[in-house]
Amino acid sequence: MFTRDQLDALQEIFNIAMGQGANRLARLIETFVVLSAPKLYSLKSQADPELSKRLGDTPIIATRQSFVGPLRGEVVIFFGMNGANELAELMGYSQDGGDAQRIKEELILDVTNILVGACITGLSQQLNFTKSSFSTPGLLVEGKTVAEALENQRLPQDSEALLVEIQFKIEAHAFFCELLICIANESIATVVTAVDKLLKGV
Amino acid sequence: MSFEQKLLENVLQQISMGIVILDQDCRICFWNEFMQINSGEANAIDKSIFDVFPDLPRSWFKKKIDTVYTIQNMAFTDWKKRPYVFRFPTSRPMTGGLDVMYQNATFSPLTDEKGEVTGVLIMITDVTEVAEQTLQLEQLTARLEHEKQEQKKLIVKLEEAQNQLLQSEKMAAIGQLAAGVAHEINNPTGYVYSNMGSLGHMVNDLLAVIEVYEQQFEKVGDAAVRDAVNKAKEEYDFDYLKEDLVTLVNESKDGIERVKRIVQDLKGFSHVGESDWQLADLHNGMDSTLNVVWNEVKYKAEVQKDYGDIPRVQCIASQINQVFMNLIVNAAHAIEKQGVIKISTGLQGDMVFIRVSDSGSGISTENLNRIFEPFFTTKPVGKGTGLGLSVSYSIVQKHHGRMEVTSKPGEGTTFTIWLPVTQPEEEAGEE
Ligand SMILES: Nc1ncnc2c1ncn2[C@@H]1O[C@H](COP(=O)(O)OP(=O)(O)OP(=O)(O)O)[C@@H](O)[C@H]1O
Ligand SMILES: [Mg+2]
């Protein structure tokens with residue numbers, strides 16, 4: 001699907017885009033955010049075992065959000081169940097009354113929105129795309145393990161989509177999450193063209 | 001204003017959703033009619049949103065606005081997680097069940113030509129209708145779930161009732177069978193019993209006559225006669241015959257007496273026989289029962305009585321005494337060498353209880369479920385028929401009472417009989 005050069009360039013683009021995303025998140029919550037180097041997969045079956053290995057049997061909350069525009073796809077985020085409370089404080093939810101479960105879910109959805117927005121906007125800027133539009137974020141599964149969560153994914157195991165896996169951690173807090181950016185097949189060509197344009201420009 | 005601008009302004013004002021534009025300090029730059037009508041605030045422009053909506057969660061809202069400024073893209077709220085952003089009266093004031101307008105909100109960045117965010121566009125959609133329906137559905141689901149649980153409980157109860165019914169049906173069937181058997185056996189037993197009595201006497205008489213013969217025989221001098229008699233005596237082992245005859249008759253008497261008792265038990269079990277409902281003093285009954293079985297008890301156990309203050313109880317006294325007897329005899333049997341049988345009584349509400357505890361062997365858990373079954377016994381053949389408790393059970397049931405048992409193997413057993421002081425109208429005196 002991609003040539004070696006294209007893949008290298010994409011990796012670089014993701015590095016920068018995700019760095020910008022982390023930076024935006026950090027500014028918002030005024031805390032340092034650490035992120036792993038993005039890993040690119042072209043098949044879902046390659047990404048799954050990695051995720052399972054990393055998250056193990058711990059219960060997770062998974063959310064999803066779609067993006068449309070020149071780039072089309074969905075982001076699935078796996079949150080560790082712990083650490084959400086600390087994040088609630090950082091995000092200014094704690095003094096807001098209401099039942100704890102609902103606050104936690106709203107927070108997780110807001111964080112999803114922020115992360116997806118930061119990452120996809122960063123990517124679009126790197127590729128010189130116009131802005132994307134986003135759907136409302138939604139809860140996918142709650143309290144299951146990654147393996148169980150992935151099992152219910154509609155995405156076929158061998159579908160050819162671009163999957164990018166990134167891990168966010170908030171310095172000095174228990175919070176962490178794994179992002180899986182899935183770019184739909186029909187957008188791949190657009191990405192390839194954009195990458196080629198960038199490569200020529202260098 | 002150009003025509004297009006006017007048109008645009010008109011659309012924004014008329015559109016049936018809330019539209020607000022805020023700057024980074026949350027000051028209102030624009031808001032449309034929807035907002036104005038619902039908030040009742042006519043002069044909102046340039047005011048801080050927190051002044052117009054004092055109960056807006058401040059830090060949460062500020063963070064939302066910051067998010068849009070910082071990451072330059074949209075943010076959302078969902079009514080399921082947060083019913084509303086701005087507190088507006090419901091859009092279904094008459095027919096609805098909610099008192100506020102449920103809202104979904106979208107926060108979008110407004111950018112200038114350089115891409116800088118210049119304001120946040122908030123769009124409020126009224127989803128009260130959907131929320132009403134969803135909440136109603138949720139309530140319905142909860143109610144259905146609740147009903148399902150109730151039904152489950154009912155089914156369990158039904159099963160229990162059915163088991164009880166089966167148990168009493170079993171009892172009734174066995175009762176009928178027992179009544180038949182008892183009736184059939186009663187007559188032959190009766191004459192065998194009385195014949196055995198006569199036979200005993202006759203044997204004694206016969207032996208007395210033979211004794212006289214023996215004495216007279218000593219005086220006979222004829223050697224031939226003596227030889228013939230002695231030969232016959234030897235041939236038929238006369239001395240042994242004499243002894244054995246008495247033993248055999250006595251054993252047979254014992255045996256037929258046991259048969260009689262069993263038949264009586266069977267009759268008791270099937271309630272053939274006596275049937276007088278009366279107001280009885282249970283303490284009297286217990287004491288006379290203790291007298292009857294004293295032989296079984298006295299070497300085994302010390303009897304401790306702890307009688308409470310109980311009224312006379314409407315019952316068939318002879319049957320209740322039979323229950324007492326079964327319990328006391330069982331208790332005595334359960335004690336291997338030496339122990340205590342404690343008998344206590346008392347009144348609770350309109351029920352009296354009679355409790356018989358022993359310090360005997362106790363009953364294992366697997367047997368505990370079976371002791372009320374007719375013919376269930378752990379006693380050696382000839383000692384127990386296994387009818388005592390099943391008879392007692394059906395007697396107590398007929399009295400609209402109940403029997404409880406607790407037991408710890410190795411420590412002892414407690415049987416408690418609960419009887420109503422008065423019987424329900426229709427049933428008393430029916431028999
Ligand atoms: N107080 C007790 N302690 C220990 N076991 C008991 C006691 N009462 C009853 N049991 C057990 O329950 C069984 C059934 O008792 P039940 O009175 O029905 O019959 P039984 O005593 O064996 O015979 P019978 O018909 O002569 O009374 C007994 O064989 C015995 O194993
Ligand atoms: Mg018995």
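**Reading salt bridges and surfaces in a two-chain model**

Tutor: Let's start with one pair: in chain B, the side chains of Lys47(B) and Glu41(B) meet in a salt bridge, with 3.0 Å from N to O. Keep in mind that this is a predicted model.

Student: How do I decide that such a pair counts as a salt bridge?

Tutor: Look for a side-chain nitrogen of Lys or Arg within 4 Å of a carboxyl oxygen of Asp or Glu. The 3.0 Å between Lys47(B) and Glu41(B) passes that test. Lys47(B) is also partly exposed, at a relative accessible area of 34%.

Student: How many salt bridges are found over all chains?

Tutor: Searching the whole structure gives 15. One of them pairs Lys81(B) with Glu105(A), whose closest N and O atoms are 3.5 Å apart. Lys81(B) sits in the loop between β3 (75-77) and β4 (103-111) of chain B, while Glu105(A) belongs to helix α4 (residues 100-126) of chain A, so this pair joins two chains.

Student: Are Lys81(B) and Glu105(A) buried or exposed?

Tutor: A residue is called buried under 20% relative accessible area. Lys81(B) has 14%, so it counts as buried. Glu105(A) has 15% and is buried too.

Student: Which residue does Arg370(B) pair with?

Tutor: Its partner is Glu373(B), and their closest N and O atoms are 3.3 Å apart. Here Arg370(B) is partly exposed at 38% relative accessibility, and Glu373(B) is partly exposed at 22%. Bridges can also share partners: in that way Glu214(B), Lys233(B) and Lys242(B) are joined into one network.

Student: Now the surface. Which residues form the negative patch?

Tutor: For a patch like this, we look at residues with over 30% relative accessible area and no salt bridge. Glu234(B), Asp237(B), Asp239(B) and Glu243(B) form it. Take Asp237(B): its place is the loop between α6 (223-235) and α7 (238-269) of chain B. Asp237(B) has a relative accessible area of 44%, so it is partly exposed and clears the 30% cut-off.

Student: What makes up the nonpolar surface patch?

Tutor: Phe3(B), Leu7(B), Val11(B) and Ile15(B) make a patch of about 390 Å². Phe3(B) lies in helix α1 of chain B, which covers residues 3-14.

Student: Let's step back to whole chains. How many helices and strands does chain A have?

Tutor: Chain A has six helices and eight strands. Read from the N terminus, its elements follow the order α-β-β-α-β-β-α-α-β-β-α-β-β-α. In chain B you can find twelve helices and twelve strands.

Conventions
Residues are numbered from 1 along each chain as its sequence is written. Chains are lettered from A and ligands numbered from 1 in the order in which they are written. This is a predicted model: local features need pLDDT of at least 70, side-chain atom pairs count only at pLDDT 80 or more; totals for chains, interfaces and linings use all residues. Side-chain values use heavy atoms; hydrogens and water are left out. Patches are made of residues with over 30% relative accessible area and no salt bridge: like charges are joined within 9 Å, nonpolar side chains (Val, Leu, Ile, Met, Phe, Trp, Tyr) within 5 Å. Accessible areas come from the Shrake-Rupley method with a 1.4 Å probe; for residues, only the protein chains shown count as cover. Lys and Arg count as positive and Asp and Glu as negative; His and the chain ends are not counted. The place of a charge is taken as NZ of Lys, CZ of Arg, CG of Asp or CD of Glu. Helices (H or I, at least four residues) and strands (E, at least two) are DSSP runs, numbered from the N terminus. Buried means under 20% relative accessible area, exposed over 50%, partly exposed in between (1.4 Å probe, protein chains only).
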